[in-house]
Amino acid sequence: MQFEVWAPLTDRVALRLGDAAYDMVRDPDRPGWWTVQAPAADGDRYGFLLGDDPAVRPDPRGRRLPDGPDGLSAVVDLATPAAGAPPPGIPLQDAVLYELHVGTFTPEGTFDAAAARLGHLATLGITHVELMPVCPFPGRHGWGYDGVAPWAVHEPYGGPAGLARFVGAAHAAGLGVVLDVVHNHLGPSGNHLPAFGPYFTDTHHTPWGAAVNLDAAGSDEVRAYLVGSALAWLRDYRIDGLRLDAVHALADERALTFLEELAAAVDELAAESGRPLFLIAESDRCDPRTTTPRPAGGLGLHAQWNDDFHHALHCALTGESQAYYADFARAPLAALAKTMTRVFFHDGTWSSFRGRTHGRPVDRRRTPAHRFLGYTQTHDQIGNRALGDRLTASLSPGLLACAAALALTGPFVPMLFMGEEWGATTPWQYFTDHPDPELAEAVRTGRRREFAAHGWKAEEIPDPQDPATRDRSCLDWAEPERLPHDRLLSWYRTLIALRRSHPDLRDPDLAAVKVAYDEERRWITFRRGDVRVVVNLLPEPTTIALGRNGVRVLAAWEPVAHPDRDGRLHVPAESAVVLGP
């Protein structure tokens, strides 16, 4: 078996494989690369010795770290993940995504336990499961954004074999799989990359310290490292798409950006494999160039999260107005209407949170709606709250139903956060499991200091290092069978089924979306082709004039009569109605 590693900073590299050591030789065709042939089998432990450093370090491209980020790598038979049912090949335009954290989706916190619950998602009508990051991080439990080995799989979840089984089970259930990957930083503990080469640069600084090296000396190999990792998930595990964490935090001043290079490589793999692979960005820039095709001057990513839609909807539902919600809260239904028709609320407008103008308009006549994801809740918008409280903690079942109607029948590709479909009462809190006591204390005090600035007492903030914080965040799978959770779950199934059966609800034409609203009376209605959706957020009934257009009720949260002969619809309190011809 051939072992190879990029280590341009040293004059000597050796492979440690079991109890044996093998001197590596320079690759004459690839500067900085070292290679050696050695007999190895699946599961064999190995690492690299760099120069005179006695530490044996794991392989930067290793697929498995059975003993955690500071342990040795293990050989993985890549033929194993390739087996299984074919991917369903569902395009983004027809997708309904479901964000899932493996460690809290079930109490067991493993791929196999999560796979056992995939029937629930298939029955719900989900098309793709979006896994939060699964790369190794210190300890057993965490969100995953402190990963330090972008080619490997967290061992407590089940390692590479467990991920392969999960993807196979998802495909067998007719579900695609999207994986959240982090390219903008690595975690603070267990990161061995700097010993191998210039993976980071002081040319730029980020909230996490030195930036990932995408544009300084040595950045060609760093880019190849990250692109290769992304393609490995798609090719070797047959994952169907990637979510790219916080692409606005990628420091990159090269003419050909890393994101363009990555998108081109994924498109090439999609063409070769005949599968509709896609990249979904998280970006706070409100810049349509993120998803504009490369021939038209964009980065060529296939979609992005639309936080502006979330913020407007959240303000309309809750009345919150702190921090970045302030601009949306001044007239939340107007903000919601703008995001549903023009995508970004901040499209060159003043952002009080940033203290400057922000964003750029979307050309809605050329940009399809499926370039954007719409959602009522995400891991960020729940977990970054002081108590990790979901909308369920503050809203009535009726308002939760209204939120679902706006997201699932709206113009964007819908995404759910696990458990929202039944109004889960379990919080989703910030939790870590750092073995380093100094780092653990720094995280604990930093979290409490952050929220003390907003009036919270230290003892009110859950301790991220307390195992109970993670345990509280696990879904309670008894809830979907009880009232009022089962009723909300049925409503979600109905809305997703309507989206699937009515092509107008998947129409990508943003210019065809028509919205009307009354800020004072707190109702909003929108039309997508022949389908009308009406939402009343008031705690009392209201009557809305829809005009004489011959529509009838297709679905309603509360019992409601068809519009009268004059086109007036009597809508119950805190309720949503979907109408069609």
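User: What makes the pair formed by the side chain of threonine 378 and the backbone nitrogen of aspartate 380 a polar contact?

Analyst: A polar atom of the threonine 378 side chain lies 3.3 Å from the backbone nitrogen of aspartate 380. A polar contact is a pair of N or O atoms within 3.5 Å; within protein, one must be able to donate a hydrogen and the other to accept it, and residues adjacent in sequence count only if both atoms are side-chain atoms. So 3.3 Å falls within the limit. Please keep in mind that this is a predicted model, where local features need pLDDT of at least 70, side-chain atom pairs count only at pLDDT 80 or more, and totals for chains, interfaces and linings use all residues. Residues are numbered from 1 along each chain as its sequence is written, and side-chain values use heavy atoms, with hydrogens and water left out.

User: Why is threonine 378 called buried?

Analyst: Its relative accessibility is 0%. Buried means under 20% relative accessible area, exposed over 50%, and partly exposed in between (1.4 Å probe, protein chains only). Threonine 378 therefore counts as buried.

User: Where does threonine 378 sit, and which residues does it touch?

Analyst: Threonine 378 is in the loop between strand 19 (372-374) and helix 11 (379-383). Those names are DSSP runs numbered from the N terminus: helices are H or I with at least four residues, strands are E with at least two. Contact means heavy atoms within 4.5 Å. Not counting residues up to four places away in sequence, threonine 378 touches Glu99, Trp305, Met415 and Phe417.

User: Is glycine 550 buried or exposed, and how do you know?

Analyst: Glycine 550 has a relative accessible area of 65%, so it is exposed. It lies in the loop between strand 24 (542-545) and strand 25 (552-556). Leaving aside neighbours within four places in sequence, glycine 550 is in contact with Gly580 and Pro581.

User: And valine 513, buried or exposed?

Analyst: Valine 513 is buried, because its relative accessible area is 4%. This residue is in the loop between helix 15 and strand 21 (514-518). Its contacts, apart from neighbours within four places, are Met340, Thr341, Pro411, Arg527 and Arg528. Valine 513 and alanine 369 are 144 residues apart in sequence, and their C-alpha atoms are 10.0 Å apart in space.

User: Which peptide bond is called cis, and where is its proline?

Analyst: The bond from leucine 483 to proline 484 is cis, with omega near -5°. Proline 484 lies in the loop between helix 14 (467-472) and helix 15 (485-501).

User: How do you know whether the radius of gyration of the whole protein agrees with a compact globule?

Analyst: The radius of gyration is taken over C-alpha atoms, and the globule rule is 2.2 Å times the number of residues to the power 0.38. With 581 residues, the rule gives a value near 25 Å; the protein has 25 Å, so the two agree. Along the principal axes, the C-alpha atoms fill a box of roughly 85 × 55 × 50 Å.

User: How many helices and strands does the protein have, and what share of its residues is buried?

Analyst: There are 15 helices and 27 strands, and buried residues make up 59% of the 581.
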